[in-house]
Amino acid sequence: MPDLSTVSIVEFPVDAAGPYGIAVGGDDAVWFTYVHDGRIGRLAGNGQHTSYRLETPSGRPSIITAGPDGALWFTESHAHRIGRISTDGAITGFAVPTADAGPFGITQGPDGALWFTEPHADRIGRISTDGAITEFPLPSSGTFPAMITAGCDGALWFTLNQADAVGRITTEGKVDIHPLPTSGAGPVGITTGGNGALWFVEIVAGQLGRITVDGAITEFPLPDREGRPHAITSAADGSCWFTEWGANRVGRVGADGHITEYALPARFSEPHGIAAGRDGALWVALESGAIARVDDSAV
């Protein structure tokens, strides 16, 4: 059985099901996507919730990240667009050049641009803050690039969900692929940890993975291999936090690989995206219709 510990968890209901991706903006509010409803949500520090309607209700806004320009940037996987929303709610959309690319993961790059994945096109995309898009093809087809993050080495790192691999792309577009030891792992979320290595989740294998910038990979099985880990983010203390979509939990992994899991209060909440706040708390998007704040500072 998993070792479940206790932290302070407060849930903030929002007005519909579908919170999926989540990020903390420069305004210290929590911004998130409504994947089923074509909206971007904002949760203020006082718990007040507002939302902003996108042009396409069925566009499936997915992952969201804070941009270098003070705005939030997000993917629309069914509308095949990259979106930008300012902290006052002004929205702009940019069509991806490749048809039916299905953009999904997105992150701020070291070059002042946003970098994103195109799972249906086997490409990595780059969009400047003025909307200019460049696409870089991957060496193989059917790999399904999923999440992406900036590494400490000045490159971008991403998971290849259907290829059981982690990829690295330089800002000039040079790609390297690192196969995982476990076949059928299904990697999804990825983040840079406090020690400079990349941490990722394997949703099918029920494992966490760690890859150094020179490509050395270590895997850490979860206590519950059926937990279906989905997203992962780094915290200020060098640990990483992740969601377990299939087990209604969030977890913490230390730099040494020690894993602690925490049960969410509501059953069947479907935790997806997770982001660290500036105060050390973690924010989790619950697809059932809430945003959770997780605080372990008193534990």
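## Basis of the description

Two strands are taken as paired if DSSP finds at least two bridges between them; helices (H or I, at least four residues) and strands (E, at least two) are DSSP runs numbered from the N terminus. This is a predicted model, in which local features need pLDDT of at least 70, side-chain atom pairs count only at pLDDT 80 or more, and totals for chains, interfaces and linings use all residues. Residues are numbered from 1 along each chain as its sequence is written, and side-chain values use heavy atoms, with hydrogens and water left out.

## A four-stranded sheet

Four strands form an open sheet with antiparallel pairing, in the order E15-E16-E17-E18. Strand E15 (145–150) and strand E18 (175–179) each have a single partner strand, so one side of each is left without a neighbour in the sheet.

E15 pairs with strand E16 (residues 156–160) in the antiparallel sense over four bridges. Within E16, Trp157 stands opposite Thr149.

## Nonpolar cores

A nonpolar core is a set of buried Ala, Val, Leu, Ile, Met, Phe, Trp, Tyr and Cys residues joined through side-chain atoms within 4.5 Å. The largest comprises 40 residues, and Trp73, Ile127, Leu208 and Phe242 have the most contacts inside it. Elements giving two or more residues to this core include E15 and strand E20 (198–202); E20 supplies the largest share, four residues.

## Cysteines

The whole structure contains zero disulfides (pairs of cysteine sulfur atoms within 2.5 Å). For Cys152, the nearest cysteine sulfur is that of Cys240, 12 Å away. Cys152 is exposed, with a relative accessible area of 53%, whereas Cys240 is buried at 1%. Buried means under 20% relative accessible area, exposed over 50% and partly exposed in between (1.4 Å probe, protein chains only).
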